[in-house]
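Subject: The structure you asked about

Hi,

Here is the structure I promised to send over. Have a look at it first, and then read on for what turned up.

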Amino acid sequence: MRMCVIIAGLVFGLNVGQEVASAASAEHGKTAFIQNGCWQCHGTMGQGSIMTSGGKRLAPDPLPWETFSAFVRSSNRAMPPFSEKILSDNDLADIYAYLLSIPKPPDTASIPLLKE
Ligand code: HEC
C-alpha cells in the first residue's frame, strides 16, 4: 500500500503524493485516537461531552498544534497525561491530522428546512 502511494506520488507529481500521504496519516490518526482511548472521553469525532470532556470539543477546528500537544503531554487536571512512552510523537501528530480532517458542520443558512 505504501509503495502504491509512493508510485502515485511519482506518477502524479509531488502534490498528489503529499495529499495521499496526509490522508493516510489522518486515517492512522483515527486508529490511534481509538486505540489510546481518547474517544472514550472525547467522542469518536472529538465532539466531546459535558460528562466526560468537561464540555470541551477537540474538532472541528482543533487547538493550535503547540497548545494541543503540550496539553496532551502535561495535562494534570481531569485528563490523564499521555507521555511519549504510551503515545509516540508520530501517533500524536497523526491524531492531530485526524482531528484536522474532521469537517465543519454546514452553515445553518445553507439548510432550507432551518429557514422556514
Ligand atoms: C479519561 C478521560 C479522557 C481521556 C481518555 C482523554 N481525555 Fe482529553 N480531556 C479530558 C477532559 C476531562 C478534558 C478537559 C480537561 C481540563 O480542562 O483540564 C480534556 C481536554 C483535552 C484537550 C484540551 C482541549 C481544550 O480545548 O482545552 C485536548 C487537546 C485533549 N483532551 C486531547 C486528548 C487526546 C488526544 C486524548 C487521547 C490521547 C485524550 N484527550 C484522552 C478527558 C480525557
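To start with the ligand: how far does a polar side-chain atom of Lys-56 lie from an oxygen atom of the ligand? The distance is 2.9 Å. Do keep in mind that this is a predicted model, so all of the values here are computed from it.

The ligand has 18 residues around it, and Lys-56 is listed among the closest, together with Cys-38, Cys-41, His-42 and Met-79.

Now the iron. Two residues coordinate the iron atom of the ligand: His-42 through NE2 and Met-79 through SD, at 1.9 to 2.1 Å. The iron atom has 6 donor atoms around it, and the angles they subtend run from 85 to 179°, so the arrangement is octahedral. His-42 sits in helix 3 (residues 38-42), while Met-79 is in the loop between helix 4 (65-74) and helix 5 (89-101), so the pair ties together parts that are 37 residues apart in sequence.

An N or O atom in the His-42 side chain is 2.8 Å from a nitrogen atom of the ligand. His-42 also counts as buried, because its relative accessibility is 12%, under the 20% cut-off.

A polar atom of the Ser-53 side chain lies 2.7 Å from the backbone oxygen of Lys-56. Setting aside neighbours within four places in sequence, Ser-53 is in contact with Cys-41, His-42 and Gly-48. Cys-41 and His-42 are also among the closest residues to the ligand.

Finally, the chain as a whole. The protein chain has 5 helices and 0 strands, giving the pattern α-α-α-α-α along the sequence. Of its 116 residues, 28% are buried. If you take the contacts between residues at least 6 apart in sequence, 49% of them join residues at least 24 apart. The accessible surface of the chain is about 8,400 Å², and carbon and sulfur atoms account for 63% of that.

Cheers

Terms used. Residues numbered from 1 in each chain as written. Predicted model: local features only at pLDDT ≥ 70, side-chain atom pairs only at ≥ 80, totals over all residues. Heavy atoms only, no water. Donors = N, O, S within 2.8 Å, 3.2 Å for Na, K, Ca; no water. Tetrahedral: all angles 85-135°; square planar, octahedral: opposite > 155°, others 65-115°. Helix = DSSP H or I, 4+ residues; strand = E, 2+ residues; numbered from the N terminus. Buried < 20%, exposed > 50% of the residue type's maximum accessible area, 1.4 Å probe, protein only. Polar contact = N/O pair within 3.5 Å; in protein donor to acceptor, adjacent residues only side chain to side chain. Contact = heavy atoms within 4.5 Å. Near = heavy atom within 4 Å. Areas by Shrake-Rupley, 256 points an atom, 1.4 Å probe, with all protein chains shown as cover.
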